[in-house]
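I opened the file to go through the chain contacts. I wanted the symmetry, the interfaces and the charge pairs on one page.

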Number of protein chains: 4
Amino acid sequence: MALLVEKNSAGREYKVKDMSQADFGRLEIELAEVEMPGLMASRTEPPVLIETLTALGAEVRWCSCNIFSTQDHAAAAIARDSAAVFAWKGETLQEYWWCTERALDWGPGGGPDLIVDDGGDATLLIHEGVKAEELYEKTGQVPDPSSTDNQEFQLVLTIIRDGLKSDPKRYHKMKDRLVGVSEETTTGVKRLYQMQATGTLLFPAINVNDSVTKSKFDNLYGCRHSLPDGLMRATDVMIAGKVSVVCGYGDVGKGCAAALKQAGSRVIVTEIDPICALQALMEGLQVLPLEDVVSEADIFVTTTGNKDIIMVDHMRKMKNNAIVCNIGHFDNEIDMHGLETYPGVKRITIKPQTDRWVFPETKTGIIVLAEGRLMNLGCATGHPSFVMSCSFTNQVIAQLELWNERKSGKYEKKVYVLPKHLDEKVAALHLGKLGAKLTKLSKDQADYISVPVEGPYKPAHYRY
Amino acid sequence: MALLVEKNSAGREYKVKDMSQADFGRLEIELAEVEMPGLMASRTEPPVLIETLTALGAEVRWCSCNIFSTQDHAAAAIARDSAAVFAWKGETLQEYWWCTERALDWGPGGGPDLIVDDGGDATLLIHEGVKAEELYEKTGQVPDPSSTDNQEFQLVLTIIRDGLKSDPKRYHKMKDRLVGVSEETTTGVKRLYQMQATGTLLFPAINVNDSVTKSKFDNLYGCRHSLPDGLMRATDVMIAGKVSVVCGYGDVGKGCAAALKQAGSRVIVTEIDPICALQALMEGLQVLPLEDVVSEADIFVTTTGNKDIIMVDHMRKMKNNAIVCNIGHFDNEIDMHGLETYPGVKRITIKPQTDRWVFPETKTGIIVLAEGRLMNLGCATGHPSFVMSCSFTNQVIAQLELWNERKSGKYEKKVYVLPKHLDEKVAALHLGKLGAKLTKLSKDQADYISVPVEGPYKPAHYRY
Amino acid sequence: MALLVEKNSAGREYKVKDMSQADFGRLEIELAEVEMPGLMASRTEPPVLIETLTALGAEVRWCSCNIFSTQDHAAAAIARDSAAVFAWKGETLQEYWWCTERALDWGPGGGPDLIVDDGGDATLLIHEGVKAEELYEKTGQVPDPSSTDNQEFQLVLTIIRDGLKSDPKRYHKMKDRLVGVSEETTTGVKRLYQMQATGTLLFPAINVNDSVTKSKFDNLYGCRHSLPDGLMRATDVMIAGKVSVVCGYGDVGKGCAAALKQAGSRVIVTEIDPICALQALMEGLQVLPLEDVVSEADIFVTTTGNKDIIMVDHMRKMKNNAIVCNIGHFDNEIDMHGLETYPGVKRITIKPQTDRWVFPETKTGIIVLAEGRLMNLGCATGHPSFVMSCSFTNQVIAQLELWNERKSGKYEKKVYVLPKHLDEKVAALHLGKLGAKLTKLSKDQADYISVPVEGPYKPAHYRY
Amino acid sequence: MALLVEKNSAGREYKVKDMSQADFGRLEIELAEVEMPGLMASRTEPPVLIETLTALGAEVRWCSCNIFSTQDHAAAAIARDSAAVFAWKGETLQEYWWCTERALDWGPGGGPDLIVDDGGDATLLIHEGVKAEELYEKTGQVPDPSSTDNQEFQLVLTIIRDGLKSDPKRYHKMKDRLVGVSEETTTGVKRLYQMQATGTLLFPAINVNDSVTKSKFDNLYGCRHSLPDGLMRATDVMIAGKVSVVCGYGDVGKGCAAALKQAGSRVIVTEIDPICALQALMEGLQVLPLEDVVSEADIFVTTTGNKDIIMVDHMRKMKNNAIVCNIGHFDNEIDMHGLETYPGVKRITIKPQTDRWVFPETKTGIIVLAEGRLMNLGCATGHPSFVMSCSFTNQVIAQLELWNERKSGKYEKKVYVLPKHLDEKVAALHLGKLGAKLTKLSKDQADYISVPVEGPYKPAHYRY
């Protein structure tokens with residue numbers, strides 16, 4: 001795909017897969033709106049994520065956070081109607097970083113006031129850019145992509161190096177303009193806290209990942225929905241009767257294990273943390289190391305957020321047509337490198353995102369989904385709109401908070417979580433759609449348990 | 001689509017959507033084989049449904065039983081490699097009956113020895129054909145399509161009328177040659193029993209629909225799998241938190257209600273039968289008439305096998321974007337006619353099989369899946385292979401039984417259920433794949449409960 | 001306990017544990033009445049099982065069907081207020097048969113018109129009595145208890161032998177008077193069918209065991225409730241996290257496995273029947289022989305209705321404090337004889353019905369509930385009233401049917417199941433209490449599926 | 001019951017219900033030991049709660065934390081064998097405080113070194129005692145019970161007043177000796193934090209209530225087990241098919257709702273907190289205010305930790321024999337005062353802890369369990385041993401930590417939570433019993449996610 005920016009009829013820049021799908025995308029967006037009560041309720045107050053920001057006069061530029069996760073028709077609809085979009089399903093890594101750079105490229109002197117980040121890559125690019133510009137100013141030295149083994153980071157350094165030539169102050173101007181970022185992933189938030197710890201964070205950041213209405217919904221309920229969806233779309237396998245191994249029993253693992261158990265699978269959990277292991281046992285799940293069960297299970301799901309969970313040596317021992325997939329986040333949970341380089345291994349693509357890998361010794365094969373990347377994005381359509389409504393409503397509320405307080409000095413160059421009353425507000429915005437009615441606390445009762453009548457109702461450490 | 005028979009490189013006839021998908025279809029068939037242990041185990045003994053019959057020297061001609069249920073790539077693979085195929089997804093009714101006629105058309109003097117039927121349409125065509133030929137012979141009168149209001153039956157009569165001209169003994173020759181039929185649907189079986197009752201059944205029939213390994217698996221476990229699959233593929237809706245109404249709590253309804261409940265939906269059941277209603281209550285489900293809940297639910301599923309379940313007057317009162325679908329069998333469970341002819345109603349096709357119908361008074365719309373036909377076939381891929389393996393293994397065993405006994409006189413022109421020990425055999429063929437090991441009865445124990453050591457273990461009326 | 005018949009203030013005979021508990025019993029009966037909507041609804045039409053029969057002028061004599069199942073306070077209340085009662089918790093086998101004889105003893109020339117049987121022991125006693133009287137009349141020979149090894153049958157023969165001396169026509173007079181019996185257990189029904197097959201059945205019998213509202217409720221829902229109840233009352237063990245083995249996956253096993261799984265246990269099923277095994281797999285349960293899991297499980301439950309399921313050699317290999325119990329029906333599912341006679345075994349009674357048996361080699365012990373008899377009766381209070389309401393309503397309807405048709409000749413000396421419309425009626429009588437409302441079939445719809453508008457709605461072989 | 005201290009054969013003081021039950025209690029303690037792997041594992045390291053402390057040379061004095069929660073036979077066994085015990089089931093409030101005082105009464109000059117508290121009443125008594133002694137020393141003024149309306153606090157003041165006369169420095173000597181307290185209830189911990197906030201805390205305190213292995217297990221898993229246990233023992237009601245209302249959806253409510261749903265009940269939740277409400281919806285539960293459902297539900301359970309949840313005006317509108325119970329903690333969740341003083345209301349005690357209250361207008365009654373106090377303690381046996389093992393192991397580890405650090409100055413007069421690695425240790429001690437095996441983190445993986453190989457594995461705010 002030639003990396004050239006195109007322009008829609010209104011002159012707005014974009015690069016999407018197929019603009020002719022814009023009508024289809026628009027219909028699905030309209031469907032989703034009904035499923036996103038929190039976000040729609042926010043529209044009257046805090047405006048909706050992309051379209052409402054646009055409607056309010058904001059200029060939005062959008063790229064994807066994942067090379068497989070874009071729904072092309074939705075991207076086309078937004079590109080045609082509302083925002084500058086640089087995203088398509090199946091980007092190469094180089095295309096991905098080109099898109100990220102485009103999203104930040106508001107022309108000379110321009111730049112975003114706020115970043116809605118999802119994984120922290122936009123934030124990373126700016127921080128690395130500023131670092132490189134400082135070094136360049138001091139020493140004239142430009143970034144050297146060959147200084148790192150990390151293939152992806154080589155691309156980042158290349159982009160920055162090439163940009164330095166045209167504008168050696170580009171990222172400085174960007175960070176000066178930026179009011180702040182709100183970030184919604186574990187990975188992105190972890191990077192932010194590291195930058196805070198080392199004193200290198202360049203602007204205020206709100207961690208919306210740790211809102212209850214984000215973390216539990218995105219991880220637990222979202223994956224409970226989208227794991228079986230991805231499995232069924234990719235393989236049509238009957239889940240009932242199968243033996244499944246869920247690696248990790250955090251929120252994502254809990255959601256996956258619940259979905260598989262409910263669908264009639266026998267579920268085995270692997271865990272390093274004794275507390276999570278005990279929780280698995282209390283739900284009737286077996287807890288064993290992968291080695292003990294690798295040759296008897298039918299479905300393997302990684303959910304750990306760690307690396308090197310299912311190695312090629314595990315995969316060799318699996319049953320014929322065992323399904324191996326990752327919904328954890330990092331694409332190195334499954335040893336794809338080991339698999340790809342295994343001598344004599346044969347890859348048969350059944351359909352996009354569904355590959356059968358046949359080992360030469362046994363002639364048996366395993367099915368790997370989404371090339372080891374997030375299977376719910378690669379094989380299905382990611383989380384359902386209702387879950388995204390919870391996450392995005394957190395984002396919108398965080399963005400508004402940053403903007404409204406941009407001159408008050410309330411937010412320093414630190415990482416903040418959303419206050420609990422806003423977390424409760426996100427939940428409240430989603431109740432009506434589901435027909436729920438809350439009970440009202442009396443003043444007397446509120447005093448009795450020492451909370452305000454209008455909340456927040458729980459201490460910060462409450463686990464839900 | 002012009003209705004012309006094509007020929008593959010081996011000269012075998014076919015009519016499929018796109019022959020270039022044959023490789024894709026072949027890969028998915030190979031996947032499915034691993035999931036069909038009963039059918040594969042049958043291969044050494046009784047040969048597999050299509051391909052093994054072919055491999056054994058049988059000549060197979062295949063049409064679909066439903067205008068939406070064909071997977072085009074699978075059809076292409078079979079057409080290229082194994083059998084004469086006349087089927088594609090999205091046939092018109094006329095095309096459907098043309099395909100059925102083609103599947104029975106073995107050229108002059110030819111015809112099938114056995115029929116594997118699924119819905120009874122092939123059997124119906126032959127019976128109606130024979131009836132018409134008799135009348136024609138006696139009176140010279142040909143069938144008059146305008147004699148019936150039923151649009152589909154008009155097509156049947158037209159086909160027979162047109163055939164009479166070229167060969168007035170075609171269906172007589174066919175029925176004379178036929179050893180028997182095995183039928184796997186409730187609808188088809190019902191017709192068979194009606195023909196048996198009126199003495200018009202023309203050849204022996206085995207009812208495999210009422211094998212436990214067919215009825216419970218196809219209905220209960222199959223729908224438990226494919227209902228959420230269809231919902232998710234068609235709408236991406238979050239099932240958790242939604243209110244669902246399942247009309248009917250037979251095996252299909254039980255599977256649907258279980259799937260929805262497990263996915264986190266609150267489920268309300270409608271029932272006419274007090275025993276099934278009490279079963280629903282015992283599972284914590286609410287039992288109410290549709291009228292009482294029509295305006296508060298988000299998802300409506302018909303599973304009754306009856307007609308006129310969800311009428312347009314119900315649909316008018318539903319919430320905006322309520323989802324309405326049928327997984328029961330008959331396409332008149334939902335009042336599609338009433339919907340289509342509702343004054344001022346507007347149909348917006350979001351994607352194939354997913355339509356939003358907007359009522360003029362309220363401007364709100366409902367989402368109807370698969371045009372009111374079976375949503376698991378229309379919006380997803382039907383039952384998973386493992387379930388089909390149970391059903392098809394029953395078919396194969398029935399076909400073998402008919403063939404092996406074709407000269408023994410064991411089977412008269414009546415309807416027979418498969419004997420229980422064969423039903424148990426189908427189950428036994430599926431256990432190993434799931435890692436199960438049976439306990440063996442001792443002679444002493446078998447005597448104690450008065451059953452043979454090798455089974456069958458239950459009386460005929462046992463309910464499982 | 002001296003076996004003397006006592007008389008209450010109204011002169012009615014009884015023998016119960018403690019008449020002072022009558023008030024407590026009355027309160028619990030009143031509680032139960034609210035939970036027995038079917039039976040209470042029957043009161044206006046067909047009268048309630050004991051008390052309403054009494055109120056209508058019938059004279060009822062009652063004994064227990066199980067040496068452990070009597071609730072002494074309930075027995076006291078009935079004995080004081082309504083019927084002649086001969087029953088207490090913890091009868092010896094001798095006391096049990098004495099009670100059975102008392103219940104049939106209406107004085108010289110008297111006897112029951114109808115029997116409500118539960119296990120078939122009253123029916124057995126009459127049939128054996130008649131047989132012995134015939135032999136005695138012909139040959140003067142009396143039954144010889146030493147002719148059998150079966151300890152319980154020795155008691156039966158003793159009772160009959162002793163009775164022959166005082167009245168050699170006692171059981172003949174009884175059977176002549178008897179209009180019929182209704183029987184509600186699998187065991188009792190099996191005996192009835194055997195007598196029908198050999199032509200020895202002496203009076204009409206209605207099999208209420210195979211009503212759906214009896215068999216599914218008593219077995220599936222009843223045990224799902226009372227298994228965890230019995231486990232918790234007897235041992236207070238945490239079910240969550242434990243490994244349970246359920247021997248048998250019929251209706252009782254299905255109820256037990258569901259209860260244990262839902263409480264957070266990992267459940268393994270043993271089965272001889274491949275269909276039931278496949279059903280277990282479809283619910284995510286593991287299916288293995290007992291031998292494979294005997295040393296890793298914490299809880300063992302027999303539900304088979306067969307003998308020799310858990311042998312002392314199994315028990316020796318179990319973990320310390322493994323719990324072993326039976327809810328199947330026959331008290332020989334667990335090898336109590338092998339356990340009791342194991343050399344050096346030590347029995348420690350923790351509390352009544354809860355024994356720890358310590359093996360001499362390992363010094364580890366297992367916990368056996370209710371001495372291997374039905375643990376839900378021995379350790380808890382049996383099925384809840386709502387379930388019993390379903391069963392008893394079937395009994396009442398059957399008794400009324402027998403009585404109403406006593407002169408019509410409708411019922412011969414055969415075994416009959418209740419017609420389906422009466423089965424549906426039992427269910428219907430229980431819906432209102434649970435807030436359910438049925439949907440009404442239109443005439444048009446009824447015709448379409450070929451059933452009467454008012455039911456029955458399903459064919460006889462329907463499996464529910 | 002005359003309040004006189006008795007002495008066992010070893011001269012140890014006690015006051016229990018019935019010392020003859022000691023053998024029964026001992027057997028049940030031995031059973032429980034097998035179910036308390038964490039506590040037994042602690043025995044080699046940190047000694048077991050009562051008996052191991054005793055065995056190690058500690059002198060333990062024990063009272064109950066709740067007037068209904070003592071199991072008399074267990075108390076007898078401990079009193080006979082190991083510790084000074086002052087506790088029986090069914091104490092009056094006066095007896096309760098007398099027992100508390102006795103537990104702290106080590107004779108002149110004596111007193112505890114450490115307190116294992118459960119509800120904070122022992123800690124309260126000492127703090128109030130010290131306050132009163134200070135005032136008395138300054139002003140000669142003694143506490144005036146009539147100065148408060150709170151009946152229970154009147155008893156506390158009376159005890160302190162009476163004690164002042166004999167020893168005006170008693171509580172000062174006690175607090176000087178005390179190394180610290182570990183507290184395991186929400187209520188007790190709340191009081192501790194309030195004392196910390198006002199600077200009045202007299203000694204270090206460890207909050208074990210907020211360990212994950214305490215809070216989730218005691219609240220969520222414990223109540224999931226003991227709610228149905230209490231319901232079944234008290235009423236034998238069939239839970240399946242019933243409509244239940246769970247007031248509050250915190251951890252206790254989540255456990256109760258899960259148990260009721262799994263048992264086949266339809267569950268409605270009341271909530272004030274929108275986040276918890278949304279969690280309930282995601283599990284398929286309905287969320288409505290009590291007013292909307294009060295007349296249609298069969299079972300009502302309060303779990304809020306707040307007061308005035310079910311008022312007498314609600315109870316009047318309930319169905320006949322609706323069951324009302326509390327498992328939340330505070331005994332004022334149900335308006336017992338309003339019920340008791342309702343004009344013309346009639347209380348019928350069915351059995352201890354199970355009362356039917358009949359309203360004069362309707363003559364219908366409701367069933368109240370445990371007089372509105374904790375029904376799992378009053379009607380069943382509280383949490384199962386396995387859950388208590390988790391809680392108590394936290395206590396033991398906290399006590400050891402306090403004792404080991406008594407001279408190090410590590411703990412000031414503040415409230416501390418147990419460090420996460422000890423929380424994980426408690427979990428780890430319970431895995432083996434359930435057959436679980438953990439996965440080991442490699443050094444490389446540990447570095448990758450920035451945790452130590454041996455844990456702790458999660459940040460403090462992790463929600464599990």
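My entries follow, by topic.

**Ground rules.** I am working on a predicted model, where local features need pLDDT of at least 70, side-chain atom pairs count only at pLDDT 80 or more, and totals for chains, interfaces and linings use all residues. Residues are numbered from 1 along each chain as its sequence is written, chains are lettered from A and ligands numbered from 1 in the order in which they are written, and side-chain values use heavy atoms, with hydrogens and water left out.

**Domain record.** I looked up chain A in UniProt. An unreviewed entry lists residues 219–382 as "domain: S-adenosyl-L-homocysteine hydrolase NAD binding". UniProt positions are given in the numbering used here, feature names are shortened, and annotations may be inferred rather than shown by experiment. Over residues 219–382 of chain A I read 34% helix and 23% strand. The end C-alpha atoms of this stretch are 11 Å apart. Helices (H or I, at least four residues) and strands (E, at least two) are DSSP runs, numbered from the N terminus.

I superposed copies by least squares on the C-alpha atoms of residues with pLDDT of at least 70 in both.

**Chains A and D: interface.** Taking contact as heavy atoms within 4.5 Å, I list 64 residues from chain A and 64 residues from chain D. The buried area is about 6000 Å², and carbon and sulfur atoms give 58% of that. Buried area here is the accessible area (1.4 Å probe) that two parts lose on being put together, summed over both. I find eight salt bridges across this interface. A salt bridge is a side-chain nitrogen of Lys or Arg within 4 Å of a carboxyl oxygen of Asp or Glu. D:Lys307 pairs with A:Asp444 in a salt bridge, closest N and O atoms 3.0 Å apart. Among the elements giving two or more residues to chain A's side are helix H10 (212–235), helix H17 (385–404) and helix H19 (443–448). H12(A) gives the most, with eight residues. By class, that side has 30 nonpolar, 15 polar and 19 charged residues.

**Chains B and D.** Chain B superposes on chain D by a rotation of 180° with 0.0 Å of shift along the axis, RMSD 0.1 Å. Of chain B, B:Arg266 comes closest to that axis, at 4.6 Å (C-alpha). The contact takes twelve residues from chain B and twelve residues from chain D. About 940 Å² is buried, with 58% from carbon and sulfur atoms. How many salt bridges cross the interface of chain B and chain D? I find zero.

Definitions and conventions:
Nonpolar A, V, L, I, M, F, W, Y, C, P; charged D, E, K, R; others polar.
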